[in-house]
Amino acid sequence: MTDIRVARSIDSPLTLPIAMPDIYILDLFVIGFLLFAVTLGSGWIVRLPLSFAIIYLVVGILLGPSNLGLIRPRDAGIFNAEVLERWTELVVIISVFSCGLRIVHPLRLRIWTITGRLLVFLMPISIFGLALVGKLFLNMNWGEAILLGAILAPTDPVLASEVQITDLEDRDELRFGLTSEGGLNDALAFPFVYFGLYAIKDDNWNHWLRSWLFVDVFWAIAMGIVMGIVVPKGLVWLDRHVQKRRRADELMEDFIALSIIFITYTTTEIVNGYGFLAVFVAGLVVQRSYHSIERPLAQLKFIERLEKLLEIATILFLGSILLLKPMLAYASQSLLVILLLFFIIRPVGTWISTFGRISSPPNLHRLHPVTRLLFGWFGIRGLGSLYYLAYAFGHGLKDKAGEKIAWIVYTTIVVSVIVHGISSTPLMTWYERHIGQRNRKLERTTIDEFE
């Protein structure tokens, strides 16, 4: 490492030697300048058909080895499945907790009908639609094809923040559906990831199908729900009773939310449950466990700031690992997946899932056609898919099949960041003006009746 500390020369006391800064120092400078620029420019950026993620991605690509070479994760030895898995795991659990914390809708089945339809119908349609593409057109076996579908099916709770619930007073059905879907399908795609990995290792499904059904579906989902209720309730109870006797330091108080995330996630994983699911449920529980709305609101603000910081680092990292040659090598296969997923599989699956009357606010009604179209379009892919890809590499995915799936996933995420990032602001602005305002009065009246 080059020493850049300024030292006075004995022979020339007035000469200050200037050394070339270490790449790490340059990286910190660029990241600091990026934070400074996007913060000052945020007032203009939010008005443009441009997401912050696009800016981070472009900067990451420019700093990557194919361009300036200031960020070289591969050369530094930090680009491996375990590092990527653990980092994206951290980002996702914080983001799904944030999703749960934002939702103030009553926990009634009728209110959550749209979410149930998106999970029960749309997610399996997306997974098996992509699996058919992999099997029929990409020369994959069923295990690899189902794994591809499971990796790309979840929508992203991090990059989709612009189309999700924006504050605790926001009860719009489109934003609610996208927020709850993004918070839950990152967990509920896990059984299908396991299915694909099992099928890759052993193509005789009879050897493991029963175990998969009872352990990876029923048990893991049930434990995710149970732990997501029990653990945060206990922690909030302790928080409330201890602070009655002695208030916590005000600067430290927001870390309660982070501790709830970590404790809920780890204890759920210990009992072989789905930690992502538990953390989302924990967000819902915490939102409803304090007597005052001020505590959950303060926690939400803290978590959102942390989420944004982690998003910057992750998207910069994603941009820096992209390589032109392998992306071009799999470009035709990636393009096929992207076109079918964005324009056929997700929209058709959404149209099927939202067909007929929806038993949600305002009572039994049909979703507006524009709302259904936007549900189909805003299937943003991102960090959840990165996590599942890294997890698959650490648990059996390898060789040529792994390389193919990896570059298809990377390319799909990049295209999603760009096309959804450009379209989200104008589409949501138009929706708010023409559809959202008309529905909001009816939704508020009906939800207040449930409460």
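Trainee: Okay, I've got this down: the bend at a residue is the angle between axes fitted to the seven residues ending there and the seven starting there. Where is the kink in helix 8 centred?

Mentor: The kink is centred on Trp-219, and the angle is about 30 degrees. Keep in mind that we're looking at a predicted model.

Trainee: How many residues does helix 8 have, and how far does it reach?

Mentor: Helix 8 covers residues 209-245, so to speak 37 residues, and from its first C-alpha to its last it reaches 53 Å. That is close to the 54 Å expected at 1.5 Å a residue.

Trainee: Now helix 13. Where is its kink?

Mentor: Look at Leu-341: the kink in helix 13 is centred there, with an angle of about 45 degrees.

Trainee: What span should helix 13 have, and how far apart are its end C-alpha atoms?

Mentor: Helix 13 has 23 residues (331-353), so at 1.5 Å a residue it should span 33 Å. The end C-alpha atoms are 31 Å apart, which agrees.

Trainee: Which residues of helix 13 are buried?

Mentor: Quite a list! Among them are Gln-333, Val-337, Leu-340, Phe-342, Arg-346 and Gly-349. Leu-341, where the kink is centred, is also one of the buried residues.

Trainee: What does the side chain of Arg-346 meet in a salt bridge?

Mentor: The side chain of Glu-181, at 2.8 Å from N to O. This pair links distant parts of the chain, since Glu-181 sits in helix 6 and Arg-346 in helix 13, 165 residues apart. Glu-181 is buried as well, with a relative accessible area of 2%.

Trainee: How many salt bridges does the structure hold?

Mentor: There are 7 salt bridges in the structure. One of them joins the side chains of Glu-307 and Arg-102, at 3.7 Å from N to O. Glu-307 lies in helix 11 (residues 294-321) and Arg-102 in helix 3 (residues 81-102), so this pair ties together parts that are 205 residues apart in sequence.

Trainee: Is Glu-307 buried or exposed? And Arg-102?

Mentor: Glu-307 counts as buried, at 4% relative accessibility. Arg-102 counts as buried too, at 4%.

Trainee: What about Glu-311 and Lys-308, how far apart are they in helix 11?

Mentor: They are 3 residues apart in helix 11, so about one helical turn separates them. Glu-311 is buried, with a relative accessible area of 5%, while Lys-308 is partly exposed at 40% relative accessibility.

Trainee: Which residues are linked in a network of salt bridges?

Mentor: Glu-85, Arg-86 and Glu-89.

Trainee: Changing topic: which members of the largest nonpolar core touch the most other members?

Mentor: Phe-97 and Tyr-410, in a core of 126 residues. Helix 16 (residues 399-450) gives the largest share of this core, with 12 residues.

Trainee: And which residues form the nonpolar patch on the surface?

Mentor: Leu-132, Leu-136, Phe-137, Trp-142, Trp-205 and Leu-209 form it, and together they have about 600 Å² of accessible area. Helix 4 (residues 113-137) provides the largest share of the patch, 3 residues. Leu-132, for one, lies in helix 4 and is partly exposed, at 43% relative accessibility.

Trainee: Back to the backbone. What is phi of Asn-272 near?

Mentor: Phi is near 65 degrees there, a positive value in a residue other than glycine. Asn-272 is in the loop between helix 9 (255-270) and helix 10 (275-289), and at 40% relative accessibility it counts as partly exposed.

Trainee: And where does Asp-399 lie?

Mentor: Asp-399 lies in helix 16, and its phi is positive too, near 60 degrees. Asp-399 is exposed, with a relative accessible area of 61%.

Technical notes. Residues numbered from 1 in each chain as written. Predicted model: local features only at pLDDT ≥ 70, side-chain atom pairs only at ≥ 80, totals over all residues. Heavy atoms only, no water. Helix = DSSP H or I, 4+ residues; strand = E, 2+ residues; numbered from the N terminus. Expected span 1.5 Å × (residues − 1). Patch = residues over 30% accessible without salt bridge, like charges linked within 9 Å, V, L, I, M, F, W, Y side chains within 5 Å. Areas by Shrake-Rupley, 256 points an atom, 1.4 Å probe, with all protein chains shown as cover. Salt bridge = Lys/Arg side-chain N within 4 Å of Asp/Glu carboxyl O. Buried < 20%, exposed > 50% of the residue type's maximum accessible area, 1.4 Å probe, protein only. Core = buried A, V, L, I, M, F, W, Y, C linked by side-chain atoms within 4.5 Å.
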